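Please open the structure in your viewer and keep the selection panel at hand.

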Amino acid sequence: MFRSAPSADPDTSATGPEDRIFELEIAEVTHETEDAVSLGFAVPEHREAQFRYEPGQFLTLEIPCADGGSVARCYSFSSSPARDPFPTVTVKRIHDGLASHWLHDNAVRGMRLKALKPSGMFGPESWDVDFVLMAAGSGITPIMSIIKTALLRHDNRITLVYANQSRDSVIFGEQLTELQSRFPDRLDVHHWYTSDSGLPTAAGLASLDAPVPAECEAFLCGPPQYMNVAEEWLARTGTTARRTHREVFSSFDANPFRAGDAQASEEPDANSVTAQVEIDGMETEFAWNAATKLLDRLLELGLDAPYVCREGTCGGCAYTLTEGAVTMLANETLDEHELKHGVRLACQSVPDSTAIRAVFDR
Ligand SMILES: Cc1cc2nc3c(=O)[nH]c(=O)nc-3n(C[C@H](O)[C@H](O)[C@H](O)COP(=O)(O)OP(=O)(O)OC[C@H]3O[C@@H](n4cnc5c(N)ncnc54)[C@H](O)[C@@H]3O)c2cc1C
Ligand code: FES
């Protein structure tokens, strides 16, 4: 195994696991609805350059547990890097939910929490195309970040279809009304209330008469059933969605804050392949057993590979395959476009060719 010189760029030359962990101070607490609270974080000045986030990305927080341990939970940024002073997440209280209850009951200004570097791939590829955004409940958070950024920085038109249990449970209702009156020609908001109309169906969504452009990029965030209905409705409108992005909110068992989270992997043997991997400008070459997932091998070697869920869901371990072939055992996040451009998930990759080159460039 060898490691070559680090990249000259100081912002991307992080080399140890500790470089991916930030201690953030809660600077703002805003109660959005009865069961949704926004937490704005102050980033230490000397680490601001490392903590850049894009609309659609998420923050992974370490939440303390009563037994002295902790869990890791992801929260999409609801703030816009183009507009809002603090990177902000909005947490909905979930019935019997460990982390969401803890945050609602304990988060106060001045509290410090550990967080990972912003991550995730649920963002626009291009801001030059119109957007159709479909959110349900707390699924509005990454959508809100995209809306604010698009309206302030770009010129495209946006249609939002936003489903909620009732009027009282609408997160960011006032902000959306205000944005609509500031940008009447660019933002169309259509609400669906389950209390009035029952669960959304494709035919029901069609009755909202929401304008759908001939060509768009679509973003869906909410329960899987809602996203399926949204996709069915979109298909019926006849629009050409250049890409349809889906974000699933769920909790994971993996805890990337815990040291020694590596899982046992198979020893290299006669069938092992040669892998060359670049992480943060550091190139490493090693033998990789065909029965072992790439992320497990990297962590076993003590390399600082990014990851969150280890389940193929969050996109936090995405890399670009520049040579060779791998098989992904699961993939619930990358779309056809990303796959076509060589993007793969390290937590689900096993080798499929004798030599492989991978670059962690996201
Ligand atoms: C990319 C991403 C972005 C996200 N963004 C947001 C966001 O912006 N806002 C937001 O509010 N959430 C978001 N989430 C979801 C968030 O990470 C948590 O999953 C959510 O807060 C619930 O966590 P919890 O610890 O409160 O609940 P958990 O303790 O994980 O419980 C979740 C649910 O599962 C049930 N449950 C727990 N354990 C069991 C068990 N053993 N058997 C049966 N049922 C069980 C609980 O009753 C509860 O209803 C996001 C998730 C991802 C992956
Ligand atoms: S760590 Fe989440 S997809 Fe691999």
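Select the shell around ligand 1 and colour it by residue class: 10 residues are nonpolar, 8 are polar and 4 are charged. The model is a predicted one. Within this shell of 22 residues, the ones that come nearest to ligand 1 are Arg73, Cys74, Ala99, Ser100 and Ser251.

Next, display the polar contacts of the ligand. At Arg73, a polar side-chain atom lies 2.7 Å from an oxygen atom of ligand 1. Ser100 likewise places a polar side-chain atom 2.6 Å from an oxygen atom of ligand 1. At Ser76, by contrast, the atom to select is a backbone N or O, which lies 3.1 Å from a nitrogen atom of ligand 1.

Now switch to a surface view. Ligand 1 taken alone exposes 970 Å², and the protein buries 69% of that area. The space that ligand 1 takes is the second largest pocket.

Return to the cartoon and select β4 (70–76), β5 (88–92) and α1 (98–106), the elements that each give two or more residues to the shell around ligand 1. Which element supplies the largest share of this shell? That share comes from β4, with 4 residues.

Finally, turn to the aromatic side chains, where the structure holds 7 aromatic pairs. Select Phe51 and Phe77, one of these pairs: the arrangement is edge-to-face, with 6.4 Å centre to centre and 85° between the planes.

Notes. Residues numbered from 1 in each chain as written. Chains lettered and ligands numbered in written order. Predicted model: local features only at pLDDT ≥ 70, side-chain atom pairs only at ≥ 80, totals over all residues. Heavy atoms only, no water. Near = heavy atom within 4 Å. Polar contact = N/O pair within 3.5 Å; in protein donor to acceptor, adjacent residues only side chain to side chain. Areas by Shrake-Rupley, 256 points an atom, 1.4 Å probe, with all protein chains shown as cover. 1 Å grid on protein atoms, 1.4 Å probe; cavity = no way out; pocket = protein on both sides within 12 Å on 5 of 7 lines; lining within 4 Å. Sits in = over half its atoms within 2 Å of the grid points. Nonpolar A, V, L, I, M, F, W, Y, C, P; charged D, E, K, R; others polar. Phe/Tyr/Trp six-rings, centres within 6.5 Å; stacked < 30°, edge-to-face > 60°.
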